[in-house]
Amino acid sequence: MMNRLWKIVDLVKHMERHFMNNFFGHPPKELAAIYVHQTYSKTAPTKKYSLKDLIGDGYLMAVPKFRRTVEKRWKRKFGSPDYVWKMIVPNKNIKVCQECGHHHELGRLCENCYKRIENETKLIKDKIVEKLGNSPIDKEVVILYENEAPEQKSEFWNGKRIVEMKKERPSWFSKNLLQKSTQEPSDSKDVKPIDLA
Amino acid sequence: MKRSTGLIHKSIFCNNHSKPLSSSRFLSTQEAVERRNHLFTLEKKRQHEKIGRIEKIEVNYKGVPKNCTLVMNKGISTPYDCARHFTEWHVETSALALLDGSVYWDMHRPLNENCTLELLNYTVNEPQQVNKAFWRTCSFLLGACASVAFKDTVPVKLHSFPGPDIRSGSFIYDIDLPSLEDWKPTQQELYTLSAEYVKFCRRGLPLERLEVGEELAKEMFVDNPYKEAQIPSIASRHGNVTLYRAGDHVDISKGPMISNTAQVGKCTVASVHKLSGSPNSNVKQLYRFQGVALPTNVMLNHFAFSILVDRAKKRVSFIMSNKSYQIFIYFFSFHRYGTIIIS
Amino acid sequence: MNQADVSKLVSKLRIRVPAEPRKLRNIKGPEGRIDKLRKTVTGLIKYERIELNSNRGQEARQYAERLISEAIRHGDCHKPTMDIADYWLLEKELIHKLFKVLVPRFQDSNTCYTRLLNAPRIIHSRNPDKVILELKGNPYPVLGSNKMNNRFLIQNVLLDAAKYDYRQAKYAEFAKKIVNKEEKIDTTETEAPSIEKQQSDDKLTQS
């Protein structure tokens, strides 16, 4: 119903425009000329547009012509897992030192333990050099710390040269280096479980 | 599930006053496991609530990275909690705690008084007790794995496991499979058992300890006639019964045990042997499950491990020798009710 | 068949020797490289433990091993060996040490004479890798102790027991063979095997 009504309205409008134009024509040309004249006088360019106006003394640089694909952008950002991988990955070659509990790299010495031993080694080295000097070395060197009287019989020391350190023996420096380590069974009378399951 | 276990629990406590449950003897293996697990949880909760006011104790820690004093909760904090104050390495590798230099303590057993604490891992200078705890735990886990591995149609009645004897080459669990008369496992079946074992260990379950009274222990093992028969003798000797739990498997053991099942590395269930009982006892036959395992982080050549596995295939017979005498006695005391003849 | 046995001409080193010598960068070229190595070998013999850049340490180790093995092989009365020692040891008092201290120390050893350990490094630093080169049996504190040698460790206990079992089985086998032989010789004796059996049982119980 409404559609039909709108159609009729449209038809009337069309007819009106058609007939008005045909019978009365366009508005008089004088009027148009006046109008045109007025507008032209306002916006007419005096000079032709040129690229130089825009740049001036500057110069143009090369710019990307095409958009980079997402794959390329991601590869730049994160690297490639097969070649250079830029993401942070967990380091799995780290171990805990059984002696001191510090972390160290697999296949290398523990930094904490090594520093300790290095210092002690340096002290002993200096002491040996100081004691023996440039004399020809023809005997094994034995290190004795303070309050460590040679326990063995004098025959044991015959073939050896004793270098005494003027300090206490560090607790971690085991005395019997030449013997196989692992502690002796302790004397503690711990409660041995009798019946186990 | 929750509701059903709750119901079971309710029914138990209703019947507790009148008479022991006779129907629960016919529980399926899975139901029995759930029920036991539920009772364990309840009892643990009860014991925890019984502590009441929290008191503090001082724990003197000795070892790497440095000696220090920790203030912990009495009856709640465990050596495991102490280890968590240090590093992940301490938590993961510590198998056993040593209190006051003399008492070997489970990692998940609450501390009750001021003490000095050392955490023992598998590479300490004197690892004998740690090794024993490890071997014992392996036996315990073998029971757990066997009770899971079989189909529902095959009832599994765990009997017992002897004390750890590492030099024998294998850990043991004696299990009764009443529906299997003459079972000789194929290699494939052994592989499956081993796979189950590995799967169970990889779950990384903590081994919880709980001491319960005789009555409750009997309640828990009402489906298992062997365990039920063993409980009075254990209770008369130690006062109460010590239970361990890993996942939902609960078993009787004297302990101590290691901290976590993830500490069991390479492992194989090597063989199953048949043991026959004496004619006048109520135990007709048992199957002896044997296996061999090593802690994680132990690097052992596969050839060397294959030697160990081959050795674990031989049946372990307990010969009266000076070393294994103690174990033997305990073994027999466990078997008193079964009177198994071991050839 | 007049070919010489190579192992009798050159002492075999107990370390892995790479196929090609390593080039150590030097202005003087190969001569400078050898000078560098001589200094390092001298330092090693003198101090018994030194810290070096990785490639220099690995290269010097081979020369030090060779020097010691030559000294052990020929002794101090051998002119060419003496010349070698004279060339490689810049401080001449160390020649005494080589023959009087190191030769007795190492002559019974069946492993290599030096130890090479990787020094700790600062991660992501650009410093070259360092190594520690030391003579075995030095008086200094031990570096990098290995805890796996403990015979109480569970794997060692298991392997020990397996070894013991294996030996017992072998002994029993031998005993059986001997008994069988005796039986063949003297068929009248019948008690021998039972005694053997008892003995082997006794051995088992002793474990």
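**A close look at chain A and its surroundings**

Modeller: Buried residues make up 6% of the 197 residues in chain A. Keep in mind that this is a predicted model. For the complex, the predictor gives an ipTM of 0.83 and a pTM of 0.72.

Start with the layout of chain A. Its secondary structure comes to 6 helices and 4 strands. Read from the N terminus, the order is α-α-α-α-β-β-α-β-α-β. Now take the contacts in chain A between residues at least 6 apart in sequence. Of these, 13% join residues at least 24 apart.

Next, the side that touches chain C. Here 27 residues of chain A are in contact with 20 residues of chain C. Three elements of chain A give two or more residues to this side: strand 2 (103-105), helix 5 (111-132) and strand 3 (140-144). Helix 5 of chain A has the largest share, with 7 residues. By class, this side of chain A has 12 nonpolar, 7 polar and 8 charged residues.

How confident is the predictor in the partner, chain C? Its average pLDDT is 87, and 89% of the residues score at least 70. One stretch falls below 50 in pLDDT: residues 191-207 of chain C. That stretch still has 16 contacts in the model beyond near neighbours in sequence.

Now the cores. The largest nonpolar core has 78 residues. Within this core, L96(B), L141(B), L142(B) and Y197(B) touch the most other members. Helix 5 (residues 128-149) of chain B gives the most to the core, 11 residues. Domain 1 (56-121) and domain 2 (129-334) of chain B each supply at least three residues. Look at Y197(B) in particular. Setting aside neighbours within four places in sequence, Y197(B) is in contact with L141(B), L142(B), C145(B), C267(B), V269(B) and G291(B). A second, separate core has 24 residues. Among them are I137(A), V41(C), A60(C) and L67(C).

Last, a helix of chain B. Helix 2 (residues 29-50) of chain B has 22 residues. From first C-alpha to last, this helix reaches 32 Å, close to the 32 Å expected at 1.5 Å a residue. Its buried residues are A32(B), V33(B), R35(B), R36(B), H38(B), L39(B) and F40(B). An α-helix has 3.6 residues a turn, so residues three or four places apart point the same way. After helix 2 of chain B comes G52(B), whose phi is positive, near 70°.

Methods. Residues numbered from 1 in each chain as written. Chains lettered and ligands numbered in written order. Predicted model: local features only at pLDDT ≥ 70, side-chain atom pairs only at ≥ 80, totals over all residues. Contact = placed C-beta atoms within 7 Å. Nonpolar A, V, L, I, M, F, W, Y, C, P; charged D, E, K, R; others polar. pLDDT = per-residue confidence, 0-100. Expected span 1.5 Å × (residues − 1). Buried ≥ 20, exposed ≤ 12 C-beta atoms within 10 Å, placed from the backbone. Core = buried A, V, L, I, M, F, W, Y, C linked by C-beta atoms within 7 Å. Domains from an automatic or database assignment.
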